Amino acid sequence: MSDLKNRYDFVMLFDVKDGNPNGDPDAGNLPRIDPETSQGLVTDVCLKRKVRNYVLLSKSGQPTYDIFVKEKAVLNNLIAGAYAAHGINLDEPPKGKIKRAEKGHGEGGEVDTARMEMCKTYFDVRTFGAVMSTGPNAGQVRGPVQFTFGRSIDPIVTLEHSITRMAVATVEEAAKQGGENRTMGRKNTVPYGLYRAHGFISPQLAAQTGFTEQDLSVLWEALEHMFEHDRSAARGLMSLRRLLVFRHASALGNAPAHRLFDLIRVERKDMLRTPRDFSDYAVNIAAAPAGVELLDRSF
């Protein structure tokens, strides 16, 4: 394993066609939207979920690439497993003490041991960080990789569609309909939206969690392929269009992230035409400053 030596900042451009990229449960699962600008939003949590799912799929069974926050996981049990891996019995007093301050909770150096074990075992912990202070307590980890929300380049329009299922759930429903047996529903989609999200990778935080160059390669792979393995009827066609990476020559960085992001401008080719495809946009990229290399990891 090789340590991460360089700072990275990156831009993701992804789009959705006739789908809901990230529903809001507080708004009837409507596509998320900025009410002031009508731009669409995709949360960083949504993007991280897709990375987690891809790594779990592609690295299944590999001991250092398990996922901590996954479907149906009981997180406190996984934290307890980190203590058990080092032979620490949380039901017994810690070394040099008569009893534990709180039964079943780690103390002092035990917490540090459990935290590093969690970083070693779970890709998402050493990548994105985690709050593990519940239950047995493995402390908190600040991850080296962070995403912003995805925000659509242009305002989006949410369409509502009536849908019909030619069946009912119960005999009582069938009786009420006289044998018609239909269930009506609603579906919300975005006709088209091109979204832009930003990401940051810190080598200083990577050193604390054990995030390596090999892990970085897995992250790039996940970002490139995560939409291909996340298909559903609700999401329509979602695709990564561009993944543009700024690689700094140093660990501290050679230019502010916001100035690098300003070098990438995404604009509609025809302002009178409603965009319905990625080809309706132009991606213009200015030259990177000294000490920064621009890598295009797009297909």
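Q: How many aromatic pairs does a search of the whole structure find?

A: The search finds nine aromatic pairs. The model is a predicted one.

Q: Why is the pair of phenylalanine 10 and phenylalanine 147 called edge-to-face?

A: Two rings pair if their centres lie within 6.5 Å, and planes over 60 degrees apart count as edge-to-face. The centres of phenylalanine 10 and phenylalanine 147 are 5.9 Å apart and their planes stand at 85 degrees, so the pair is edge-to-face.

Q: What makes this pair a tie between parts apart in sequence?

A: Phenylalanine 10 belongs to strand 1 (residues 8-19), while phenylalanine 147 belongs to strand 7 (residues 145-147); the pair therefore ties together parts that are 137 residues apart in sequence. Both phenylalanine 10 and phenylalanine 147 are buried.

Q: Why is the pair of phenylalanine 14 and tyrosine 195 called stacked?

A: Planes under 30 degrees apart count as stacked. For phenylalanine 14 and tyrosine 195, the planes are at 5 degrees and the ring centres 5.6 Å apart, so this pair is stacked.

Q: Which parts of the chain does the pair of phenylalanine 14 and tyrosine 195 link, and are the two residues buried or exposed?

A: Phenylalanine 14 is in strand 1 and tyrosine 195 in strand 10 (residues 183-201), so distant parts of the chain, 181 residues apart, are linked. Both residues, phenylalanine 14 and tyrosine 195, are buried.

Q: Which residues do ring pairs link into a cluster?

A: The cluster consists of Tyr8, Phe10, Phe128, Phe147 and Trp220.

Q: How do you know that the charged end of lysine 59 sits over the ring of tyrosine 65?

A: Such a charge must be within 6 Å of the ring centre and within 35 degrees of the ring normal. The charged end of lysine 59 is 5.5 Å from the centre of the tyrosine 65 ring and sits over that ring. Arginine 126 also lies over the face of tyrosine 65, at 5.1 Å from the ring centre.

Q: What makes asparagine 181 partly exposed?

A: Asparagine 181 has a relative accessible area of 26%, so it is partly exposed. Asparagine 181 lies in the loop between helix 5 (171-176) and strand 10. Although asparagine 181 is not a glycine, its phi is positive, at about 55 degrees.

How values were computed. Residues numbered from 1 in each chain as written. Predicted model: local features only at pLDDT ≥ 70, side-chain atom pairs only at ≥ 80, totals over all residues. Heavy atoms only, no water. Phe/Tyr/Trp six-rings, centres within 6.5 Å; stacked < 30°, edge-to-face > 60°. Helix = DSSP H or I, 4+ residues; strand = E, 2+ residues; numbered from the N terminus. Buried < 20%, exposed > 50% of the residue type's maximum accessible area, 1.4 Å probe, protein only.
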